[in-house]
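Thank you all for coming this morning.

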Amino acid sequence: MARQRPPLLPCRTLWGTCERRDARPGWRRFTQADFHPIDGDAPWGLFARNGSLLGTGRAPSTPLAEPEPGETGPTLYIGLLALHYGHFLINTLPHLWPLVGWQGERPKLLCHAKPGSWHGAPFLEKILGRLGYGLDDLVTFERPVRLSDVLVPEPALHEQASVHAIYGDLCRAIGEGFWTPGEVDSVARPAYLAKTRLASGITRLVNEVEIADELARNGVEIVHPETLDLPAQVRLLSQRRTILGTVGSAFHTTVFAAPNRRLVGLNWQPALNANFALLDGLNGTRARYLHAPGTLYRERGAFEVSWEVPDPRGIARAMLAEAEALDRGLGSRS
């Protein structure tokens with residue numbers, strides 16, 4: 001008799017590395033720096049007096065045009081402003097770590113973005129508000145400008161590679177205003193973070209609705225994160241003893257929630273993106289990341305990855321068994 005294939009297996013390898021550093025990232029302060037906006041194929045970025053590129057951008061092949069004088073107040077350079085929530089947490093927020101314990105005149109936040117585009121990202125106002133900032137504190141330019149006082153930090157998180165402890169301090173400073181100690185683990189009913197209503201995104205499980213239906217029949221609450229603002233998502237993650245879902249940006253929100261969250265995540269491949277491990281380590285999140293043998297990959301469509309699992313109802317039951325074992329402090333069922 002052929003041996004039956006298990007519905008789920010643990011993700012045992014990382015796509016990337018997971019290095020944690022206690023030391024703070026480095027930073028430099030410039031009395032002159034030239035900001036060049038993104039403009040087609042032209043060089044863009046923040047440039048030192050000698051023409052060297054400071055952070056992300058496109059270096060020039062010939063000397064840059066002389067910029068016009070700009071604002072003289074202090075600015076904190078945060079690079080590209082990512083307006084996708086997950087990308088913001090991984091690529092933009094790590095540049096804001098100098099604001100932890102900041103003393104003195106508060107800097108404006110210098111970024112590369114289309115002016116006003118940040119109004120289309122509701123999470124941004126919530127995050128900046130917890131740091132004492134508003135959307136009006138974001139600064140960008142549509143022309144080359146010379147600035148006289150710019151702080152340029154190294155990021156506190158390098159994507160799929162490493163994270164500094166101060167990034168956890170920053171995220172805690174943001175998240176602690178969204179939950180209270182008395183509500184932590186106060187709801188025993190598990191919640192499943194569903195993507196079934198999303199029209200586009202990074203990954204899409206094409207038969208996820210069958211997983212959600214089976215979980216709902218077994219008492220799990222189905223939650224669509226996009227229907228909740230950021231504080232409500234953080235509160236949900238803090239209140240529930242266990243959270244299930246397909247692996248995605250919604251899981252990153254645990255870095256703002258109460259410590260020691262319990263997650264069961266279904267991944268689209270055997271290797272786990274190291275960003276999840278990097279963020280989990282900052283807040284003591286206990287996560288079990290699993291993949292389904294026999295997963296099929298479909299045409300991308302509006303998502304970067306579209307995938308389909310065999311036996312979605314059996315996988316739902318296996319995920320719930322993992323969540324129950326995790327909540328009871330037992331070993332993996334897979």
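Predicted model: local features only at pLDDT ≥ 70, side-chain atom pairs only at ≥ 80, totals over all residues.

Residues are numbered from 1 along each chain as its sequence is written, and side-chain values use heavy atoms, with hydrogens and water left out.

Coming back to Arg-300, this residue is exposed, with a relative accessible area of 55%; the word buried means under 20% relative accessible area, exposed means over 50%, and partly exposed is in between, with a 1.4 Å probe and protein chains only. Arg-300 and Arg-204 are 96 residues apart along the chain, and their C-alpha atoms are separated by 8.8 Å.

Next, please look at helix H8 (residues 312-327), which has 16 residues and reaches 22 Å from its first C-alpha to its last. That is close to the 22 Å expected at 1.5 Å a residue, the expected span being 1.5 Å times one less than the number of residues. Among the buried residues of H8 are Ile-315, Met-319, Glu-322 and Leu-326. An α-helix has 3.6 residues a turn, so residues three or four places apart point the same way. And what do the buried residues of H8 pack against? Their partners are strand S15 (191-193), helix H4 (208-217), strand S18 (243-246), strand S19 (262-267) and strand S21 (286-291), where contact means heavy atoms within 4.5 Å.

In the loop between S23 and H8 we find Asp-311, which has a positive phi of about 50 degrees although it is not a glycine, and which is partly exposed, with a relative accessible area of 47%. Just after H8, Gly-329 takes a positive phi of about 75 degrees. Elsewhere, in the loop between helix H6 (249-252) and S19, Asn-260 has a positive phi of about 65 degrees, although it is not a glycine either.

Let us turn to the interior. In soluble globular proteins, nonpolar side chains tend to be buried together. A nonpolar core here is a set of buried Ala, Val, Leu, Ile, Met, Phe, Trp, Tyr and Cys residues joined through side-chain atoms within 4.5 Å. The largest one has 58 residues, and those with the most contacts inside it are Leu-93, Leu-124, Leu-138, Tyr-167 and Phe-256. Helix H3 (165-175) is among the elements that each supply at least two residues of this core, and H3 gives the most, with five residues. Apart from this core lies another, of 23 residues, among them Tyr-192, Leu-205, Leu-244 and Val-309.

Finally, how much space lies in the largest pocket? The value is about 1100 Å³. On a 1 Å grid over the protein atoms alone, a pocket is an open set of points with protein on both sides within 12 Å along at least five of seven lines, a cavity is a set of points where a 1.4 Å probe fits but cannot get out, and lining residues have an atom within 4 Å of a point. Grid points are joined across faces, edges and corners, and a volume is the space filled by probe spheres set on the points.

Of the 45 residues that line the largest pocket, the closest to its centre are His-84, Gly-86, Gly-248, Ser-249 and Ala-250. Gly-86 is also one of the buried residues of H1, a helix that is mostly covered, with six of its eight residues buried.

The second largest pocket holds about 350 Å³ of space and is lined by 20 residues, with the largest share, four residues, coming from strand S8. As for cavities, the count comes to one of 30 Å³ or more, and about 40 Å³ of space lies in the largest cavity. Its lining includes Leu-193, Pro-225 and Thr-253, and helix H5 (residues 230-239) gives the largest share, three residues.
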